[in-house]
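Please work through the exercises below with the sequence and the 3D view side by side, and try each task before reading its solution.

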Amino acid sequence: MDVDGVITMISPSVKRVLGYTPEELIGRRYAELVVASPQTMELLGHPDYSQQITEHEVEVLRKDGTALVMLVLSRPLRSSSGDVIGRENTARDMSAYKHAEQAVTAAERRRILEEQLAPAIERLRSAESLLQYGRADAR
């Protein structure tokens with residue numbers, strides 16, 4: 001990616017991951033593929049080239065329109081004179097990790113809810129037992 005965020009080279013694996021051929025993406029701006037808030041887009045449009053290595057998570061649009069969460073590691077590319085001429089990005093599909101994380105979070109929320117409801121459920125069971133006991137005495 002050059003200093004303007006234009007994709008200049010990309011791995012053929014992009015076809016498998018995003019559905020685009022390299023030729024479809026070369027010449028496009030990286031930010032065109034990203035689903036993000038205006039603040040994130042501003043950061044992507046003006047990266048801090050002084051940092052050696054950066055890491056960020058982004059949602060990227062596949063060719064079919066679905067979103068994919070990716071972890072992007074980025075480092076500056078320098079000319080022979082040391083000037084930054086772009087960034088090299090390595091992206092990893094984080095979808096499976098995100099789905100697992102959401103499942104764990106949902107399970108944890110259920111566990112907490114069950115713990116919070118347990119005393120109330122026990123009181124209801126006790127009240128139900130008393131009612132049943134009272135009905136048996138009335139017979």
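Two exercises follow, each with a worked solution.

The model is predicted, so local features need pLDDT of at least 70 and side-chain atom pairs count only at pLDDT 80 or more, while totals for chains, interfaces and linings use all residues. Residues are numbered from 1 along each chain as its sequence is written, and side-chain values use heavy atoms, with hydrogens and water left out.

**Exercise 1.** Determine where Arg 87 lies and whether Arg 87 is buried or exposed.

*Solution.* Begin with the place of Arg 87, which is strand β4, residues 84-93 (strands are DSSP runs of E, at least two residues, and helices are runs of H or I, at least four, numbered from the N terminus). Next, take the relative accessible area of Arg 87, which is 3%, so Arg 87 is buried (buried is under 20%, exposed over 50%, partly exposed in between, with a 1.4 Å probe and protein chains only).

**Exercise 2.** Find the salt bridges that Arg 111 forms with Glu 108 and with Glu 115.

*Solution.* A salt bridge needs a side-chain nitrogen of Lys or Arg within 4 Å of a carboxyl oxygen of Asp or Glu. For Arg 111 and Glu 108, the closest N and O atoms are 2.4 Å apart, and both residues lie in helix α4 (residues 95-138), 3 residues apart, about one turn of the helix. For Arg 111 and Glu 115, the N to O distance is 2.3 Å, and these two are 4 residues apart in helix α4. Finally, Glu 108, Arg 111 and Glu 115 are linked in a network of salt bridges.
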